[in-house]
Amino acid sequence: MAFRENRAAKSSVFSLFLLLQLLSLFCFSFKGISAQSPVFACDVSKNPNVSTFGFCNPSLDIAARVGDLVNRLTLQEKIGFLVNKAGSVSRLGIPSYEWWSEALHGVSYVGPGTRFSNVVPGATSFPQVLLTAASFNTTLFEAIGKVVSTEARAMYNLGLAGLTYWSPNVNIFRDPRWGRGQETPGEDPMLSSKYGSGYVRGLQQSDDKDPNRLKVAACCKHYTAYDVDAWKGVDRYHFNAVVTKQDLDDTYQPPFKSCVVDGNVASVMCSYNQVNGIPTCADPDLLAGVIRGEWQLNGYIVSDCDSVDVFYNNQRYTKTPEEAAAKAILAGLDLNCGSFLGQHTEAAVKGGLLNESAINKAISNNFATLIRLGFFDGDPNKQLYGKLRAKDVCTPGNQELAREAARQGIVLLKNSAGSLPLSPTAIKSLAVIGPNANVTKTMIGNYEGTPCKYTTTLQGLTASVPTVYQPGCPNVACGSAQLDDAKKAATQADATVIVVGDDQSVEAESRDRIDLHLPGQQALLVTEVAKASKGPVILVIMSGGGMDISFAKGDDRISSILWVGYPGEAGGAAIADVIFGYFNPSGRLPMTWYPQSFADKVPMTNMNMRPDPSTGYPGRTYRFYTGETLYTFGDGLSYSQFNHHLVRAPKLVSIPLEEGHICHSEKCKSIDLLERSCENLAFDIHLRVKNMGRMKGSHTVLLFSTPPSVHNSPKKHLLGFEKVFLTAQMEELVQFKVDVCKDLSVVDELGTRKVALGSHVLHVGSLKHSFNVRI
Ligand SMILES: *[C@@H]1O[C@H](CO)[C@@H](O)[C@H](O)[C@H]1NC(C)=O
Ligand SMILES: *[C@@H]1O[C@H](CO)[C@@H](O)[C@H](O)[C@H]1NC(C)=O
Ligand SMILES: *[C@@H]1O[C@H](CO)[C@@H](O)[C@H](O)[C@H]1NC(C)=O
Ligand SMILES: *[C@@H]1O[C@H](CO)[C@@H](O)[C@H](O)[C@H]1NC(C)=O
C-alpha cells in the first residue's frame, strides 16, 4: 500500500471523516448516542424487496448467490465493483463498501475503511511483525490474528471498520536496507510461510469452523519479489525486479503459496514493480496461472494502490489506459485499489479489448468473498459476531497478549557474565539513556493504529526501580549528542540502559536506508556513556532492520545487547520484564545483520539470492550469503543454557524408483519431485532438549539442513522449528517429521523442485548429523 493512493484518497478520506464527525455530533446532540451501524447489504428494514433476491438468501450456495447478483447488474454497475470504493446499487439494497482496511499488527487507521472515534479510541497494537516473527511461535502468530479479527469485527459492528484487511505483508526481507522489512516476518521462506499462514488463520477462521465463512478476510501482499521502495533514485513504481526462476521458486514465492494453500487466504495483492519486464498486476502467468490456477485461490486478487495506474502512467507498459485496464483484468486482477479500472474499463469493453464475461469473473470473486463475510446476509447483529462491541477492544487480556508477544520476540544478542538479568532489588538507581528510551509512537512502527495505551521503556523500567532519564539526543537523527548530562547520569547509577536505534524517519515505506550504522552521533553517545558507567551497560536497539553495531559488539564496557524491534504498545513493559529477569528471553533473529561494507558494495537492486564468485557478489541471507556477518538468522541467547541430544535420525533414506526411470545411473544427482515413488516418504527426527540452567524459559529448536551441493543449493536452510517451554533442569523430547520430497528438495536452475541425492547434513545448534539419500 502506498502513499500514492494516500495522496489521492486523503482529501476524500478527510471529508468523509469530517462528515462522520459531524454525523456523530449530530447523533450525540439529538439522540444521545455516537455509535454508528455497520455497512451491509440485503437490509429488509430499508428495502423489503431484498427478501426476493437470490443473492440475499443465505440458504443458497455461494456460486448461486453470486450468479444471481451478477445477472441483475448493468455493465456500469459491474464496473463499480472493480474498485476499492465500490459502487452502491440502491435498487438492489447494496450500499457502497470500502474494501481498503489494514491490520498488520492490530486494527490500523491506514486505509479509509477504518477509523477510531470516541466510541473506540484505540485498538490493541501488537509488536511490529518482524519482532513477532522472532518469537518463532506459530501458536502466537495465530493467537494475535484471532485477537485482531475480534477487535476488527467489534469495530465493524460499530460502523468503524471494514471486513477486508490487506494484511499480512509476507515479502522476503532480502536486503537490510529495505524500509518495509519491519512489516515482514524476515528473510526465511519457511518462517515467513509459517507466520503468514498462521496469522491468516487467526484473522479468518470462523468460530463455527465453517470454511465457507470468514471472520474477516486477510490478504497476503505484495506479490511478488517486491522489496525495493526507494534506493538511490530507484523507486518501486519503476523498478523491474530481474529474478531467476530458481530464486523465484525457492525464495520469493513460498510465503505466498503457503498463504493460499496452507492458510486459505481470501486475497492476494499484486505489487507495483515489474518482475522480468512485466508488471505483476498485468502478468497472466503470475496471477491467473499461479495464484488462481496452481494454488487455487478461493478469493480475490487486488492491486496495490494504484498499481494499474502505475504500470500505465509510470511504467508506460501499455499505449492507452484502456489497454492497461484490459490487461490487468485479463491477467486475473479482480479488484483495483484506486480508481483506474472505474475510469477506463467501460471504454476497454466498448473498444473490444475486453469482454463483459471477464468483468463478471472478476466481480464474482469479489462478491464470493463478501458473501463469506456475511455482507449479504442482512443485519450483522443477528450473525455470529453480532454481539461484539467496544468492550471487546483493548481488553486486559488482549493488551496482555501484546506484552507477551513483545517478550517472546525480544532477542538477547550479547550477555557478558553477571550482566543480565539485573536484580530489581539490588539496583537502587538505574540510568536510562538514549533517544528511544521514552518514545511512544516509535514503538508501534508503521501500518499502525491508535494503541490502547503506551508503556515506554522508561516507564517499564521505572515500575521496578528508581530511574534517572537523559535522552542524550533530541531524536534518532542525533545531530549532536548531549554527552555531559548522559555521562553524569551513568556515573551515578548502579546500571545503565541505553535505548537507541531507528524510527520511521530512517526506515519506512518509500524510505530505504543507505547506511546500516546507528544514525548521527548515537554510537558516540553509546560509547561515551558506556565509558562513564559505573555498573553494567545494557544496549537496547529499537529498529526494524539489522544494524552495523560492531563497535558495541566488541566493546567490553557494553555488557549486554538486546534487539527489541518495534515492540508495540506494551514494548517498555516487555523490555523491563526481560531486563529484570521476570521473563527469560527466547527470541531469535529472523534476519541476518550485515556490516556496512555489505551496503557499500552490494546494489540493493540486485535480486539474486545466490553468490556470484565471478563478480564478487556475496549472495543474500543466511541461506546463501558468503561474507562476514554481525549476527545471523536464528541467533539469540537465553539466561539458561539448552542442550540438544539426538535420539532418532536416519542414516540412510532410500527412494524407491519405478522400473526404467532414467535416474538409474551413477551420475544422477537429483530426481524430480513429481516422481510418484517419492510421495508420502517421510522420517522422524527425535531430539532430547534439556534446560541446563536455573531459570525456566522457552527454547526454539531450529532444524536446519545442508543439502548436497547440486543445483547451486543453499548452504543450509530451515526444515522446521519447534518452541518448547522448559522449567529449570527439565528435559523434553522434540519431534520433527521430515517429508523427503517436500522438505529435502531443492529448486534447480529452471525452477523445478528436485530431491538431491547424496549426503545431507542436519544441524541443531552445534549438533550435526549426516545421512545419505539414494535411490
Ligand atoms: C420494490 O420493487 C417494486 C416492484 O418492482 C418497485 O416498484 C419498488 O420501487 C421497489 N422498492 C425499492 C425500495 O427499491
Ligand atoms: C470476446 O468474446 C468473443 C466471443 O466469445 C471472443 O471471440 C473474443 O476473443 C473475446 N475477446 C476478448 C478480448 O477476450
Ligand atoms: C516519557 O514519555 C511519557 C509519554 O510520552 C511522558 O508522559 C513523560 O513525561 C516522559 N517522561 C519524561 C521523564 O520525559
Ligand atoms: C507460544 O505462545 C503462546 C501464546 O502466547 C504461549 O501460550 C506459549 O507458551 C508459547 N510457547 C512457548 C513454548 O513459549
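This note sets out, in numbered points, selected features of the structure above.

1. Basis of the note. The model is predicted: local features need pLDDT of at least 70, side-chain atom pairs count only at pLDDT 80 or more, and totals for chains, interfaces and linings use all residues. Residues are numbered from 1 along each chain as its sequence is written, chains are lettered from A and ligands numbered from 1 in the order in which they are written, and side-chain values use heavy atoms, with hydrogens and water left out.

2. The largest nonpolar core. This core holds 128 residues, of which W166 and F376 touch the most other members. A nonpolar core is a set of buried Ala, Val, Leu, Ile, Met, Phe, Trp, Tyr and Cys residues joined through side-chain atoms within 4.5 Å. Buried means under 20% relative accessible area, exposed over 50%, and partly exposed in between (1.4 Å probe, protein chains only). The most residues, 9, come from helix α5 (residues 138-157); helices (H or I, at least four residues) and strands (E, at least two) are DSSP runs, numbered from the N terminus. The core lies between domain 1 (12-391) and domain 3 (640-774), because both give residues to it. Domain bounds come from an automatic or database domain assignment.

3. Contacts of F376. Leaving aside neighbours within four places in sequence, F376 is in contact (heavy atoms within 4.5 Å) with residues including A41, C42, F55 and R65.

4. A second core. A separate core of 83 residues includes I549, V564, Y566 and Y639.

5. Residue L525. L525 belongs to helix α17 (residues 522-532) and counts as buried because its relative accessibility is 0%. Beyond neighbours within four places in sequence, its contacts include I433, P435, C473 and L483. The C-alpha atoms of L525 and C42 are separated by 62 Å, and these residues are 483 apart along the chain.

6. Cis peptide bonds. One such bond joins K221 and H222, with omega about -5 degrees; H222 is placed in strand β1 (residues 220-223). A cis peptide bond also joins L420 and P421, with omega about -5 degrees. P421 is found in the loop between β9 (411-415) and β10 (430-433).

7. Positive phi values. K209, which is not a glycine, has a positive phi of about 65 degrees. K209 is located in the loop between α6 (189-204) and β1, and counts as exposed because its relative accessibility is 62%. Q296, also a residue other than glycine, has a positive phi near 60 degrees. Q296 sits in the loop between α9 (285-294) and β8 (300-303) and is exposed, with a relative accessible area of 58%.
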